[in-house]
Amino acid sequence: EVEKIRIKITSLGLTESRITADETIQQLFVECKLNSFIAEETPLSLPKPTGGQRIHYNYSTVINLDKEDNRAQREYLKSVLLKPDLPADSLKFTVVSDPPEDEQDLECEDIGFAYVSLKEIFQKQRDIIEQDIDVLDSQDARTVIGKLTVTVEALNALRSVHEECRNE
């Protein structure tokens, strides 16, 4: 059994906010990060959804965690499981504004963040399947600007890492 975390970014919907009002924000893509090791992003930028619509990425990626090649990731996951004070936001999704073709002087801009706690998946012994998670405004973490539908299948990998901790 190859140990892995499977991540799927299904879709994104926005609520009315500064993001929906901002006309310079037109195309959006989503990046997913596991600590500092791994950053994956949806290959497509999609037009910003309006008025209650959702945009669909249907993008899947797999983070391999087999023992031979991925010591650092496994050590990080151990620390997630074992250290109570480590921040629980182990998987971070960033919604990024991709500047239009004709305005290349504009930078990509992070507009919102969403988090999934691997620790919580382990504690509840339950993967996250097609679940809506809050996207928080990058300028004000108290404001929810939308919902990102994601799948994070990590439980088997986390169990294996946990088993390894117990045997050490």
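This report describes salt bridges in the structure shown above.

The structure is a predicted model, in which local features need pLDDT of at least 70 and side-chain atom pairs count only at pLDDT 80 or more, while totals for chains, interfaces and linings use all residues. Residues are numbered from 1 along each chain as its sequence is written, and side-chain values use heavy atoms, with hydrogens and water left out.

A salt bridge is a side-chain nitrogen of Lys or Arg within 4 Å of a carboxyl oxygen of Asp or Glu. The whole structure contains 14 salt bridges, including those in the table.

| Salt bridge | N to O distance |
|---|---|
| Arg71 and Glu75 | 3.5 Å |
| Glu164 and Lys78 | 3.1 Å |
| Arg142 and Asp140 | 3.7 Å |

Helices (H or I, at least four residues) are DSSP runs, numbered from the N terminus. Both Glu164 and Lys78 are buried, a term for residues under 20% relative accessible area; exposed means over 50%, and partly exposed in between (1.4 Å probe, protein chains only).

Arg71 and Glu75 are four residues apart in helix H2 (residues 71-82), so about one helical turn separates them. Arg71 is partly exposed, at 39% relative accessibility, and Glu75 is partly exposed at 38%.

Elsewhere, salt bridges that share partners join Glu3, Arg71, Arg74, Glu75, Lys78 and Glu164 into one network.

Methods
Helix = DSSP H or I, 4+ residues; strand = E, 2+ residues; numbered from the N terminus.
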